[in-house]
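Me: Please take a close look at one strand of this predicted model. What does it pair with, and how covered is it?

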Amino acid sequence: MSWVDRVRALLGDDAVDVAATPDGVPRVAPGSPDAVALLLGTAREEGWRVRVEGAGTWLPVDAPADLALTTRRLDKVPAIEPQDLSATAEAGIACDLLRQQLADRGTWLALDPPGLAGRTLGSVVATATAGPLRHGFGPVRDHLLGVTFVTGDGRLVQSGGRVMKNVAGYDLTKLAAGGFGAFGVIVLVHLRLRALPRADQTLVLEGSREDLAQVAEDIAAAAVQPAAHELMSPALARRERWLLAVRFAGSAALVSAEEGALRAATGGRFTALRADEAHALWMRAAESFATRPVTFRVGALPDSSDELMDLLQHQVGDEWISASPGIGAIRWGGETTVDRLRRLRRTLAGLEVPLTLERAPWPVRAAVGHFGAYREGVGPLVAGLRRTFDPGEAFVVAVEGTE
Amino acid sequence: MTAGTATAERGGSLAAALGEIVGARHVRTALPERVTFARDGLPTHRHVPGVVVLPGSRDEVVAVVRLLAALGVPFVPRGAGTGLSGGALADDDAVLIVLTRLNRILAIDPVNRIAVVEPGVVNVRLSAAAAPHGLYYSPDPSSQTACTIGGNVAENAGGPHCLKYGVTATHVLGLEVVLADGQVVELGSPGGEPWGPDLVGLFVGSEGNFGIATRIRVRLLPVPRAIRTLLADFSALRTAGEAVSAVIASGIVPAALEMMDQSCINAVEDSVYAAGYPRDAAAVLLVELDGCREEAVAADADTIAGILRAHGARGVLSAADAKQRERLWQGRKKAFGAMGRLSRDLVVQDAVVPRSTLPDVLEAIGRIATAYGLTVSNVFHAGDGNLHPNISFDGRVPGLKARVDQASGEIMAVCIAAGGTITGEHGIGLDKLRYMPLIFDGDALAAMRAVRLVFDPLERVNPGKVVPIHACREWSGVRTHPGREPGDPRAGARGELSELAR
């Protein structure tokens, strides 16, 4: 029996989509977490190499593999609980569809990841790609109450739960968030929600990067507390010059007071955007990163943001940059080479700044790795964790690269 | 060999070797000294450690751990011993490494709002040290005047103000960790971005099973410029629970949203911590709003007060000044101490439920208390759904402790049935091992054990805690240790320690 026949026998005819991927790797779309477990258990037995895909709009679907496992049929939202501000969603749900369903119940997931609107929730969690709202609402992990994932040998592992606090057992959710699929396929996510903000206001200021960096410092010094506080390159913002965009979200009283404080701290230089303008600005910026072949993020001390942007400009250019200077987070997009990425990562490592490769074509990912080299002594821990969760090395994930 | 002779022998060569590292006066071998470390904040577990050692520096910790690794001796890290799950207790065959002498605040960086501390720094000391910079450390467990930040990291501690600002894991950016074999690794990065997989997030809350954090890099927050503290009183527990959901759904996130029931109110009011809570209330809610803008906080407080009244509050008091606010909070923070008046012993329970189920769960807990003839007082983080049903009892009464255990089990079952979990901030330790299979299946438990083995292949660090090994399904790659019985990770080490003693 061919493997296609085996998969059909296991999961049913409609789970196999043999001709669908550009590189001819057969694609399997299990319709339930149990089906994912069944498939990966079989993959372990057969020694199949598996690449994991969501909607295919963020990481290129180009890793060499025996089969592609897509989560796109895991698209149900079993629970939205407005009174508890929590939800449970399958990993293959598109972020825009989830956002709409949440909004219909008066709730909000305060994440605005880079990429197209149809990107899956699982992709956002697996790559821990937070957007500008990370300034006010934290990284992806802060929005997770628990996850269920399937290991490389087909075990369903639940971690966390669906309540607001939980310290029962080790927090394996933290491994799944930002693990780039090295430890398992995320199939179900329990989310921490917020009530839809009663008021949501974005204000912008154009200027030179140096000028805006100073303004950003003034804002921080005045203890203005925005939801997002993002410095965007001209290409990203589609403006003539750099753009500092500040977003406030919350009660009407809070937004009004914070907006007043911003104006006071910056001499009234900011311009308020209409809701449709603000929506377009944030959405375009997020989507722009999906049009660049390579994106990476760096995380540093806030007071070194400016210096790091100089370094990026010097080594890889600064055409596509989105930075949260208040928390030292920078996302870069563009075209570059393996050698340049390696050199940049070495330079940054010397400054104790990690570079996480978020997306790139397979040859670049394979060479550079999402994480590259670890700090001393950490490599064996990561290797041990990978062996634990993927003993047969079923998952095709470029974790460390080849340097 | 009796326990007494084993201890005497252990007090010989091992104590001498430890004494060479830390100085003889920082090694405790006499029984009366060791007994003082036999409990944590929970009165129901008592384990006398074989030897107690108090290293005074990171290098001493490394040397002690390497010595114990060479000898195959299990050890348990411990902070101030305020934990509430029996997590920092060591048996007679293990060494208790007490970290309270590592109590230096190594750096405060006001520009980047970061502090670096040793694990033995008492929680509240860090906020005091950061205060001149207009900053503070947000996680505020009720024991914050005594508990250490190392212990907070091990337990992923919470506190009232975690509702708005998040638990310990949210605030830990990086860690220096001494692994079971004495190797030192840096996890995370100075700015807090994970360096590879999020091992900092994995370590926080691992209850000492993955090693000893010797340096902890934490985020500091600006001290709020505006604060409003409201006390709302209710004539029924259910109404108070319903008001909690209404506040949460409003979209305004209070800094804290705490509930105390009548039994707790009266215990506080009878004590030196009397805060002026209304004794005839079935429950009170303590709600705090904070922020940087006076006008916004005031407006949000008015909105919340309106919601509380609309949902059945008989009255809503707004603290007139800082003094009154502190008094209201002192009653809440010292409630556990005040309950000491109710009886000789107190079991502080910890569970979390979806917030919307609070009214039903509180009523069910009341029924369990009645059925078992026990006094249960509730004082808890209502905004998070994090319950603390506290059972007062006299452990000397024959059979009463068994009844308390049974009632605790039933309370846990009610919380699990409501979609909740068995601990929100106190941890599993020893106390909740038996409940773990109720919320995790064999694969999830086996995965946890397998992760622990990556950090501590011989399961020598805080053995016997967190994961009930008997309930783990088989996991590929998980080795069983020669000479040990399944379910007893310390069996092999016992033999080695006896050998050492000879």
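Reply: Start with Ser86(A): its bridge partner in β10(A) is Arg192(A). β10 of chain A covers residues 185–192. Five bridges join it to β6(A), and the two strands run antiparallel. Strands pair here if DSSP finds at least two bridges between them. A strand is a DSSP run of E with at least two residues, numbered from the N terminus.

Strand β6 of chain A spans residues 86–90. Another of its pairings is with β5(A), residues 79–81. That pairing is antiparallel too, over three bridges. Here Glu81(A) stands opposite Ser86(A) of β6(A).

Now the turn. β5(A) and β6(A) make a hairpin, with four residues between the strands. One of the turn residues, Leu85(A), has a positive phi of about 55°.

How covered is β6(A)? Mostly: four of its five residues are buried. Buried means 20 or more other C-beta atoms within 10 Å of the residue's own, with C-beta atoms placed from the backbone.

Residues count from 1 along each chain as its sequence is written, with chains lettered from A and ligands numbered from 1 in written order. In this predicted model, local features need pLDDT of at least 70 and side-chain atom pairs count only at pLDDT 80 or more, while totals for chains, interfaces and linings use all residues.

Key:
A residue is buried if 20 or more other C-beta atoms lie within 10 Å of its own, exposed if 12 or fewer, and partly exposed in between; C-beta atoms are placed from the backbone.
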